[in-house]
Amino acid sequence: MSIEPLGMDAALCFIGGKWCAPETGQTLDLINPSDGSTLCAIARGQAADIDAAVTSAEAALASDWGRATAVERGRVLARIGALVLENIEELAQLEALDVGKPLTQARADVVALARYMEFYAGSADKLHGATIPYLDGYTVYTLREPHGVTGHIIPWNYPMQIIGRSVGAALAVGNACVLKPAEEACLTALAFAELAHRAGLPTGALNVVPGIGAEAGAALSAHPGVHHMSFTGSVGVGKLIQTAAAQNVVPVTLELGGKSPQLVFEDADVDAALPFLVNAGIQNAGQTCSASSRILVHRNRYDEVVSKMAGRYGALRAGPALDDLEVGPLVSGRQKEIVEEFIAKGADLEVAAQGHVVERAPSGGAYVAPTLFTGVAPDHRLAQDEIFGPVQVVIPFDDEAQAVQIANGTDFGLVASVWSENGARQMRLAKKLRAGQVFINNYGAGGGVELPFGGTGLSGHGREKGFEALYGFSSLKTVAAFHAEKD
Ligand code: ADP
């Protein structure tokens, strides 16, 4: 199948409303993780291309896009959302080929991207300031204004969802965006630029420059013309981006992953919890920032939970993305090596169950059998480090205090969930758990376009998703007008 079904050229950048070759003319190979073959060439953008993209974004702010009203911004976002949905199959295929995501999961990402466009279309004309009572003779009010040019560096695991939540919110406020997708997976970012253009997004409001992180990504995060940086990815790169942005005193939103726990109490409805316990660990082959990689279980229900999870793990199949099984390949051979090294670190642990890689899976693909470890000490590396693969650990606890201590006992704080029928405990733990999102008797809540998302500690700072994101992508101006009474 053609990998350019949407009229974009994968080997080019999208700058100023046009497809253009990177200044050096260099390209990179994009690999299909399902079989290791080369899908196509992508542009290897560099500092000069980032510079051109920032200039184009500045020009957009000085012309049509900068003059667009909130209603007009909302309308164009709504049209983009509609076009995304019209092209659901093409986009899902691109994502499946590029990321290795099983088709059903890739389709869900397209729907989520469309939902972000719908949500931010509807919110564009609802972001407003406040009036503030002040001294006699004053009228004081606040204005929510765009930062200007916003930089977006996104990872390869959920390109469409992350474009939706960050570029969608930034555009709703009236910023002009420069997007640097990941070198491992950038096809849907390019397709999105084409669709946005077709939907009538003014020239320069969205520019996409693919390339290597240390080149195009570093150039974007250090560019003095960028007024806000949002980044989703690894902790190490997040620190580099915050450091680079600090040189220009630019605000940064960082979403850096986690080691998110689900706490299963003695009174939990284990059968209701079960699909959430497992799916939150193996969705997208575990390559999810908000993956639930730690399952904490009250000792009285421990054997039952382990045996029921093991039953599900035994039935998990990993295979090519287009076969649409429960688990696809990891995004790359490098990621497979990283996950295999983690699994090797669990040699001292008990493997309760493993899924299997289907026989027809090509040998060049990046497959790892989903693995469930039990009897894991809370300070074990597998219980502390973000693995980013289909690996979960189950940890027993004896009481609520110990459960909280273990749950909060990593450097991360992104998501947590509580499985319990006890209302007082639910409320207590919602306060005590160190996380940006706490779910009660569910996990992930259906994608959560509307739900503010972000972390504490090494999980990062700032909030994306929901209406809250609009505050991060805007700058607040206070206007104090003095008009002394005249009688
Ligand atoms: P992963 O390790 O999961 O690939 P990364 O944090 O390395 O995640 O990558 C996430 C995004 O950050 C990608 O778009 C990548 O190109 C970009 N990136 C990597 N290194 C840098 C860097 N030094 N500066 C800016 N962006 C970078």
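Begin by selecting Y134, L135, Y138 and F482, which form a nonpolar patch on the surface with about 450 Å² of accessible area together. A patch joins nonpolar side chains (Val, Leu, Ile, Met, Phe, Trp, Tyr) within 5 Å, or like charges within 9 Å, from residues with over 30% relative accessible area and no salt bridge; a salt bridge is a side-chain nitrogen of Lys or Arg within 4 Å of a carboxyl oxygen of Asp or Glu. Areas follow the Shrake-Rupley method with a 1.4 Å probe, and for residues only the protein chains shown count as cover.

This is a predicted model, in which local features need pLDDT of at least 70 and side-chain atom pairs pLDDT 80 or more, while totals for chains, interfaces and linings use all residues. Residues are numbered from 1 along each chain as its sequence is written, and side-chain values use heavy atoms, without hydrogens and water.

F482 lies in strand β22, residues 474-482; strands are DSSP E runs of at least two residues, numbered from the N terminus.

Pairing requires at least two DSSP bridges; β5 and β6 (residues 138-146) pair over 2 bridges. Select T131 to find its bridge partner in β6, Y141.

Finally, go to E255 in strand β11, residues 252-255. E255 is buried, at 3% relative accessible area. Its contacts (heavy atoms within 4.5 Å), not counting residues up to four places away in sequence, include R165, F231, C289 and F453.

Technical notes:
Helix = DSSP H or I, 4+ residues; strand = E, 2+ residues; numbered from the N terminus. Buried < 20%, exposed > 50% of the residue type's maximum accessible area, 1.4 Å probe, protein only.
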